[in-house]
Each structure stands twice: as C-alpha cells, then as structure tokens.
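Please view the sequence and structure below before reading on.

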Amino acid sequence: MAYPSRKHRWTAEEYLAFERQSPTRHELIDGEIYDMAGASLEHNTINANVVMTLGVQLRGQACRVLSSDMRVKLGKANYSYPDIVVVCGKPEFEDKTADTLINPTVVFLILSPTTERYDRGEKFQHYRALSALQAYILVSQDAPRLEVYTRQPDGGWALAEYVGLDQRLTIPAIGCDVALTDVYDRVF
C-alpha cells in the first residue's frame with residue numbers, strides 16, 4: 001500500500017479508508033500518519049498478562065477488555081491504538097463499521113523508549129479530552145512500575161504511582177484490583 005507524500009496532511013476520511021485496507025496498523029495524529037512498530041517480548045507478555053487479569057475480573061460485568069487492535073478516536077481527527085482498552089456499558093463507535101471506539105473508560109499504554117515521551121505528553125493530552133475516559137495507565141517495561149492518572153470530579157487528573165512487585169492497583173472505574181506480580185509475571 002502506497003503512502004501519499006510525507007508533506008500530505010491526512011484527513012480523517014483518508015486515514016480511515018487507508019487504514020481499513022492496510023495489513024498493518026497506523027496512528028493518525030494532527031494530520032500525520034505513523035507506523036505502529038512491533039513490540040518486544042516483555043511488551044507482549046505484559047499486555048497478555050493485563051488482558052488476562054482484567055478479563056477474568058470483568059467476566060459477566062458491564063465492562064469489557066479489548067487488546068491492541070481496537071482503534072480509539074481522539075478528538076476531531078486523531079486516531080490511536082492503545083495497548084489495552086476497557087470500555088464499560090455499550091461501546092460507542094465513530095461509524096457503522098464499528099472499528100473505532102469513541103468511549104473508552106480506561107486505557108493502558110506500555111511504555112517503550114521510542115514512545116514514552118509522547119505517551120506521557122501529547123498523547124495523554126489527546127486522551128484527556130475524551131469525556132468517557134476515567135483512567136490513563138502507563139506501564140513500564142523496565143521495572144515493575146505503573147503510573148495511574150485518574151479523572152477527578154472537577155475534571156482534573158490525579159497521579160498515583162505503584163512501584164514494586166508487592167504493590168496492588170485498584171481501578172475504581174472498572175471495579176478491578178490488579179497485583180503487579182500478575183502484570184509482570186514472567187517479566188521480572
């Protein structure tokens with residue numbers, strides 16, 4: 001699949017038409033398209049661990065956990081693939097294709113050296129604008145460490161850090177309790 005010139009500013013419509021036919025995933029941020037790179041063994045292990053842990057706890061509940069193939073719309077014309085997304089209640093989609101979620105409740109991003117700065121900064125800024133989002137969770141690959149940003153009643157965001165395998169994370173928005181030993185099983 002050919003890309004338009006790098007100077008081309010993608011519209012949401014162009015991006016979705018391209019992305020829905022592409023064998024690989026891409027994000028669209030501020031009119032620019034970005035390839036989604038492969039992930040390390042640690043990244044994939046953490047992802048699977050979190051999906052399994054949350055999936056068991058959410059079975060039969062109003063929330064569901066989705067892995068990294070669920071695209072999320074961020075604002076008017078930005079699209080991202082969080083590593084893990086939890087949606088509560090009825091999933092809402094951008095259009096009838098039902099492949100672009102607009103109401104995530106919780107997202108997890110597993111940090112990598114190439115994405116960490118962006119995930120902490122501009123990407124978080126885009127996610128904060130989603131009214132349904134209640135928690136934005138950054139997961140380190142280098143040490144047992146989670147950074148949890150939780151939406152406050154006044155609309156602000158509070159940060160809580162969980163460092164060490166003896167820690168447990170409670171996520172009130174989805175009613176889950178996660179031990180870091182489960183998150184990092186076979187990683188540390």
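The notes below treat salt bridges and the surroundings of one arginine.

The model is predicted, so local features need pLDDT of at least 70 and side-chain atom pairs count only at pLDDT 80 or more, while totals for chains, interfaces and linings use all residues. Residues are numbered from 1 along each chain as its sequence is written, and side-chain values use heavy atoms, with hydrogens and water left out. A search of the whole structure finds 14 salt bridges, a salt bridge being a side-chain nitrogen of Lys or Arg within 4 Å of a carboxyl oxygen of Asp or Glu.

- Arg71 belongs to strand E4, residues 71–74; strands (E, at least two residues) and helices (H or I, at least four) are DSSP runs numbered from the N terminus.
- With a relative accessible area of 3%, Arg71 is buried; buried means under 20%, exposed over 50%, and partly exposed in between, for a 1.4 Å probe and protein chains only.
- The side chains of Arg71 and Thr100 are joined by a polar contact of 2.9 Å. Such a contact is a pair of N or O atoms within 3.5 Å; within protein, one must be able to donate a hydrogen and the other to accept it, and residues adjacent in sequence count only if both atoms are side-chain atoms.
- Leaving aside residues up to four places away in sequence, Arg71 touches residues including Tyr15, Glu19, Tyr81, Asp99 and Thr100, where contact means heavy atoms within 4.5 Å.

**The Glu94–Lys73 salt bridge**

- Glu94 and Lys73 meet through their side chains in a salt bridge of 2.8 Å, N to O.
- Because Glu94 lies in the loop between strand E6 (84–88) and strand E7 (100–101) and Lys73 in strand E4, the pair ties together parts that are 21 residues apart in sequence.
- Lys73 counts as buried at 18% relative accessibility, whereas Glu94 is partly exposed at 25%.

**The network around Arg145**

- A network of salt bridges links Glu116, Arg120, Arg145, Glu147 and Glu161.
- Arg145 pairs with Glu147, their closest N and O atoms lying 3.5 Å apart; Arg145 is partly exposed at 31% relative accessibility, and Glu147 is buried at 5%.
- The side chains of Arg145 and Glu161 also form a salt bridge, at 2.5 Å from N to O. This pair links distant parts of the chain, with Glu161 in strand E11 (residues 157–163) and Arg145 in strand E10 (residues 145–151), 16 residues apart.
- Glu161 is partly exposed, with a relative accessible area of 44%.
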